[in-house]
Amino acid sequence: MDSIIKGKPVADKISAELTKEVEELKSKGINPKLTIVRVGARGDDLAYERGALKRCETVGILTEVKELSEDITQEDYINELKKANEDNSTHGILCFRPLPKHLNEEQIKYVISPEKDIDCFSPVNAAKVMEGDKSGYPPCTPTAVVEILKHYGVELSGKKVAVLGRSMVVGKPAAMLLLNENATVTICHSRTKDLEKVTSEADVLVAAVGRAKMVKANFVKEGAVVIDVGINVDENGKLCGDVDTEDVKGKASMITPVPAGVGSVTTSVLAKHIVKACKMQNNA
Ligand code: NAP
């Protein structure tokens, strides 16, 4: 059996549901809209932006991109963000991060309106992830991990899950979302002792370390489900994940590929959050 589970069927299903919801909103005169706030033109931001704009177009969500100069001041950035907060036609705001070093992200994260913060920049939404409060917006990537597991019928309740990585963008929120699904979660990081022993006891392994092909077959329990969040470039300049797919695929019962895995679901989750925000802001 081919153990590779792709993101596209998950993304397509979410998109099809959203297209219907957006049509319903539009029939009531409500037009969901995303505003992207981008500083400069970093390659990875532009790649994600293209995917997000395409996904929004597919489901009928309006979009606007505020491209700000690389040397924008803290005050001017905050003013632009406040304008997006106050713009009634905008329901979701995506701020590309990390911001350039001269901007103080620790201050800016308190400026974005939590109601429009569809990718968990605001501490209010981060706290909601911790509390298991579903009224907020967890970050799109770890949410995509849970969407994939649910789509492919992976039982999480009572299962042992190991999350490799503890960043605020992926590892920690992924662990909290999986805990909210009643999994027994272990968070691993660079100081974890006997890493392979810990991960090879897990029924589900989520890899988010940012190290090309680090996870080999000896990290994985026979029959485990492996979700590869990593986006790296290998020694031949090819895109690859944190998991050595060739080494692991015979041992895992399911494994997401890179590319065409988690990354392809992330923009659908983004679109889902915009529609949710739009509905909440319009009591629709
Ligand atoms: P990050 O901020 O660099 O965090 C990496 C985490 O991995 C840290 O917690 C680090 O531990 C841990 N780690 C690093 N080396 C390790 C090792 N040798 N053994 C055990 N743990 C180790 O990265 P991130 O932002 O979370 O992103 C992780 C990966 O996901 C990257 O490849 C990134 O490109 C990818 N990503 C994908 C998407 C998507 O849509 N698919 C979205 C976002 C990110 P310490 O905390 O101890 O340093």
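**Helix packing, sheets and ligand surroundings in a predicted model**

Cys140, Thr141, Thr143, Ala144, Val145, Glu147 and Ile148 of helix α6 are in contact with Val262, Val265, Thr266, Val269, Leu270, Lys272 and His273 of helix α10, where contact means heavy atoms within 4.5 Å. Eight of the residues in this contact of α6 with α10 are nonpolar, four are polar and two are charged. In this division, Ala, Val, Leu, Ile, Met, Phe, Trp, Tyr, Cys and Pro count as nonpolar, Asp, Glu, Lys and Arg as charged, and the others, Gly among them, as polar. The model is a predicted one, in which local features need pLDDT of at least 70 and side-chain atom pairs count only at pLDDT 80 or more, while totals for chains, interfaces and linings use all residues. Residues are numbered from 1 along each chain as its sequence is written, and side-chain values use heavy atoms, with hydrogens and water left out.

Helix α6 spans residues 140-151 and helix α10 spans residues 262-282; their axes lie 8 Å apart and form an angle of about 105°. Axes are lines fitted to C-alpha atoms, for helices over the stretch in contact, and angles run from 0 to 180 degrees between N-to-C directions. The two helices, α6 and α10, are therefore roughly perpendicular to each other. Angles under 35 degrees count as roughly parallel, over 145 as roughly antiparallel, 65 to 115 as roughly perpendicular and the rest as oblique. Helices (H or I, at least four residues) and strands (E, at least two) are DSSP runs, numbered from the N terminus.

Two open sheets are described next. Strands of a sheet pair through backbone hydrogen bonds, either parallel or antiparallel. Two strands pair if DSSP finds at least two bridges between them. Four bridges connect strand β1 (residues 33-39) with β3 in the parallel sense, and cysteine 95 in β3 is the bridge partner of valine 37.

The other open sheet contains five strands in the order β5-β4-β6-β7-β10, again with parallel pairing. Here β5 and β10 are the edge strands, each with a single partner strand, so one side of each is left without a neighbour in the sheet. Strand β4 (residues 160-164) runs parallel to β5 and is joined to it by five bridges; alanine 162 stands opposite threonine 186 in β5. Helix α7 lies across β4, β5 and β6 (204-207), at about 170° to β4.

At the start of helix α5 (residues 123-131), a side-chain oxygen of serine 122 comes to within 3.0 Å of the backbone nitrogen of valine 124. Glycine 132, with a positive phi near 75°, follows α5. Arginine 97 and proline 98 are joined by a cis peptide bond with omega of about 0°; proline 98 belongs to the loop between β3 and α4 (105-108). A cis peptide bond with omega of about -5° also joins valine 258 and proline 259, and proline 259 is in the loop between β10 (254-255) and α10. Asparagine 182, a residue other than glycine, has a positive phi near 70° and is placed in the loop between α7 (171-180) and β5 (184-188).

Around the ligand there are 19 residues, of which Arg166, Ser167, Ser190, Arg211 and Ile231 come nearest; a residue is near a molecule or strand if one of its heavy atoms lies within 4 Å of it. A polar backbone atom of isoleucine 231 is 3.0 Å from an oxygen atom of the ligand.

Notes
Polar contact = N/O pair within 3.5 Å; in protein donor to acceptor, adjacent residues only side chain to side chain.
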